[in-house]
Amino acid sequence: MASVAIHSSYVADLDLLLQRTDDEAAKLIGPWLQRLASALDEGHCCVECADELPVVFAGGPGAFTPLVHDGSRLYFARHWQEESTVASRLLALAKRNVAIPANAEKLLAGYFPEGENGQKQAAHKALSSALTVIAGGPGTGKTTTVMRLLAVLLASAPAALKVCLAAPTGKAAQRMSESVRLNKNKLDDLFVRDAIPETALTLHRLLGYNPDTGRVRNDAANPLDLDLLVVDEASMIDLGLMARLLAALPAHARLILLGDPDQLPSVDAGSVFSDLCALSTGPVASRVVRLRYSHRFGCDSGIGELARSVNAGDVPAMQEVLAKGYPDLEWRESWCEQELSERACAGYAAYRNAVLRRAPVAEVFAAFNDFRLLCCRREGARGVAKLNSLVQQTLFGRSGEWFAGRPVMVTCNDYNLQLFNGDIGIVLEGPDGLMVWFESEGGSYRSLHPSRIPSHETAFALTVHKSQGSEFSEVLLVLPEEVGQGEARNLVYTALTRARQKTALWAQGNVLAAAVSAHGGRLSGLGSKLQGLQAKPA
């Protein structure tokens with residue numbers, strides 16, 4: 001499902017086609033191929049194109065051509081088809097009403113007292129529709145809302161419902177599982193508790209993705225065996241994966257999407273979740289509920305105030321927040337390498353102590369997850385590679401690959417070992433020597449010998465993209481010396497909101513202002529397709 005493979009495949013096919021056509025047509029289409037391939041690498045689904053292109057290359061919607069010219073937008077055919085699939089299936093879900101059970105209103109009143117800041121509204125919409133989109137920032141109660149909603153649905157359903165929980169990445173699925181276990185235990189109804197699964201699957205695992213063939217087990221011809229699917233961190237789902245997921249839903253199933261549309265979008269092309277949340281009219285827009293009240297970041301929270309000003313692109317308001325001296329915010333504009341290293345090591349001090357005194361594995365993981373150093377880039381003086389090396393040397397005095405206390409992040413999927421891109425393990429000393437420990441389902445841990453670990457890298461510092469789906473007590477965000485491509489307000493917002501208690505922001509004022517001023521949106525035709533489809537007569 002990697003977008004790079006898709007892009008290179010398209011470009012290779014089109015290069016062959018270019019070689020077989022006349023020079024004039026090749027000169028016309030060549031620059032557009034380059035623009036489109038570059039745009040896809042930046043996460044856009046299409047490019048704006050008002051030129052008349054040779055029909056052998058670019059036909060209209062539904063044409064069997066390598067490119068599709070749909071209005072003013074130019075697509076590779078696959079992405080146009082995926083976008084069309086997502087639009088039509090989401091619209092069908094949004095239009096499919098579900099009868100509300102007679103006792104549902106009474107159950108809603110019990111699980112959702114008045115004044116629950118939009119949570120009851122979200123639950124009521126989910127009761128009457130096959131599609132519900134619940135959008136909100138950290139701490140707005142998305143998971144709590146879904147747990148109560150599931151309790152109402154399960155208690156009022158005339159027959160047993162098969163519920164499935166999923167998330168785009170292993171880390172997001174793990175966090176969802178932890179949150180579900182915590183929240184379901186607060187429910188009084190034992191039948192409902194037992195019916196709610198405790199384990200969330202990655203979407204790839206849910207669909208039965210085969211990395212050797214690039215195919216999935218479940219699709220339109222072999223739909224998933226479920227009645228209700230709840231997907232967390234939906235902003236991380238790219239266009240292609242969303243198309244496959246929707247195609248695999250059974251005709252009778254309901255879908256609930258949870259996410260924060262203001263976070264970074266998916267790594268691959270598309271911004272499906274934020275596109276849905278941006279709709280203002282129509283059946284799909286009517287199924288979107290925003291939870292705006294943050295139970296984590298109240299009116300006295302510097303992190304909350306800063307996140308809101310960053311999200312709005314309001315640089316003066318952001319500067320005012322930073323100048324107020326909130327206890328949960330730290331801002332520094334200049335520093336030397338040693339100062340940064342010392343600050344990061346102070347954040348990891350409790351973790352270092354836990355490793356050295358050979359604390360229980362759970363305690364070591366808890367200490368490690370109290371703090372995280374985040375960067376925008378992999379390379380450069382303020383990039384992941386440099387800062388990992390710096391922190392490793394300062395914290396443990398080690399430059400080698402394997403040593404007790406080294407955190408490692410897996411950078412590929414290994415289905416045999418059940419290790420996935422983004423999973424983080426910690427190297428610890430034990431009776432059998434050095435072993436790499438990973439968190440497992442149900443709050444347990446498992447260990448593997450270092451020689452068995454697939455492609456990986458040190459993980460004291462992470463890119464903001466890799467931190468999505470995770471939360472830490474404290475975050476230290478280091479911005480580069482200048483703003484680059486893709487470094488916009490959604491990146492800063494995502495980093496800030498990874499922290500539960502404190503955020504340290506080390507960034508020059510002009511760099512921070514430039515990042516917050518940049519919107520970071522993606523070009524897509526999904527909203528237009530939804531508007532166009534809903535305007536057509538049934």
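Visitor: Which element gives the largest share of the lining of the second largest pocket?
Guide: This is a predicted model, with local features needing pLDDT of at least 70 and side-chain atom pairs 80 or more, while totals for chains, interfaces and linings use all residues. Residues count from 1 along each chain as its sequence is written, and side-chain values use heavy atoms, without hydrogens or water. A pocket here is an open set of 1 Å grid points over the protein atoms alone where a 1.4 Å probe fits, with protein on both sides within 12 Å along at least five of seven lines; lining residues have an atom within 4 Å of a point. The top contributor, with 9 residues, is α7.

Visitor: Which residues are closest to the centre of that pocket?
Guide: The second largest pocket has 45 lining residues, 16 of them charged. Closest to its centre sit R175, S179, R296, E471 and R500.

Visitor: Which domains each give at least three residues to its lining?
Guide: Elements that supply two or more residues to the second largest pocket's lining include α6 (142-156) and α16 (361-368). By domain, at least three residues come from each of domain 2 (84-295) and domain 3 (310-517).

Visitor: What does L512 touch?
Guide: Contact means heavy atoms within 4.5 Å. Leaving out residues up to four places away in sequence, L512 meets M318, L322, W331, L479, V492, L505 and A507.

Methods
Helices (H or I, at least four residues) and strands (E, at least two) are DSSP runs, numbered from the N terminus. Ala, Val, Leu, Ile, Met, Phe, Trp, Tyr, Cys and Pro count as nonpolar, Asp, Glu, Lys and Arg as charged, and the others, Gly among them, as polar. Domain bounds come from an automatic or database domain assignment.
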